[in-house]
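This report describes the salt bridges of one protein model. Please consult the sequence and structure shown below while reading.

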Amino acid sequence: MVGEVQFPTNRRSTVNPDSSDLTTHAPAIEAEMARIAASIEPEEFTSLVGEAGFAVLRAAMTIAKADSITIWLADSANEHLVVTQTEPDRNFVGFKLPIGEGLVGLCYASEQRLCENQVYQNQDHSKRVDEEFSQISYAMLATPFYLAGTLRGVLSCVQLKESIDAPDPSGFTARTMNRVGRLSIALERLVTHRLLVRALGLEL
């Protein structure tokens with residue numbers, strides 16, 4: 001069962017919703033947002049995405065001409081990147097990848113966007129996903145994913161080959177990577193806004 005992010009209900013916010021009061025409490029709000037963003041578990045993330053977030057993911061997938069798009073979130077132990085959202089195959093949700101493994105792990109560790117074609121020939125590409133789902137990844141792009149300014153995971157897109165002998169797909173370009181990166185930022189802002197709305201119910 002997908003969980004929801006839980007916030008204490010026995011405390012009332014001392015912040016009034018006028019701009020001067022919010023400005024006064026801005027440092028405390030930012031600190032609380034960072035704490036909440038860092039504590040979100042992968043299974044809690046879905047409740048924050050909503051239909052608007054799914055629309056952003058589908059738009060990114062269309063722009064990239066990708067066969068799949070995935071959000072990987074680091075678990076609390078910072079040992080695995082866990083699939084929290086994916087299109088179109090929801091059976092992929094919950095899949096875990098050791099945090100330092102593969103191009104997704106490299107993107108997370110370096111906080112740099114990656115764009116790689118013919119990844120099946122790249123020795124840094126993890127074969128775990130391909131082996132688990134009997135597929136051949138041809139191209140991958142990955143961009144760091146943040147919540148409230150805190151690095152929490154990776155958004156990745158993949159193009160697949162039907163077989164080793166099948167024609168290569170079109171692949172990804174740097175332009176596509178940057179466009180998907182901007183949509184990742186839009187998703188971050190959407191989810192961060194929802195976190196902020198909930199966090200304003202906390203005592204500061």
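## The D168–K161 pair

D168 and K161 are joined by a salt bridge, with their closest N and O atoms 2.7 Å apart. The term denotes a side-chain nitrogen of Lys or Arg within 4 Å of a carboxyl oxygen of Asp or Glu. K161 is buried, at 5% relative accessibility, whereas D168 is partly exposed, at 38%. Buried means under 20% relative accessible area, exposed over 50%, and partly exposed in between, computed with a 1.4 Å probe on protein chains only.

## Basis of the description

The model is predicted: local features need pLDDT of at least 70, side-chain atom pairs count only at pLDDT 80 or more, and totals for chains, interfaces and linings use all residues. Residues are numbered from 1 along each chain as its sequence is written, and side-chain values use heavy atoms, with hydrogens and water left out.

## The E101–R128 pair

A salt bridge also connects E101 with R128, where the closest N and O atoms lie 2.5 Å apart. This pair links distant parts of the chain, 27 residues apart: E101 belongs to the loop between β3 (96–98) and α4 (102–110), and R128 to helix α5 (residues 128–133). Helices (H or I, at least four residues) and strands (E, at least two) are DSSP runs, numbered from the N terminus. R128 is partly exposed, with 40% relative accessibility.

## The E51–R58 pair and the total

The side chains of E51 and R58 form a salt bridge with an N to O distance of 2.4 Å. E51 is exposed, at 54% relative accessibility, while R58 is partly exposed, at 35%.

By the stated rule, the count is three salt bridges.
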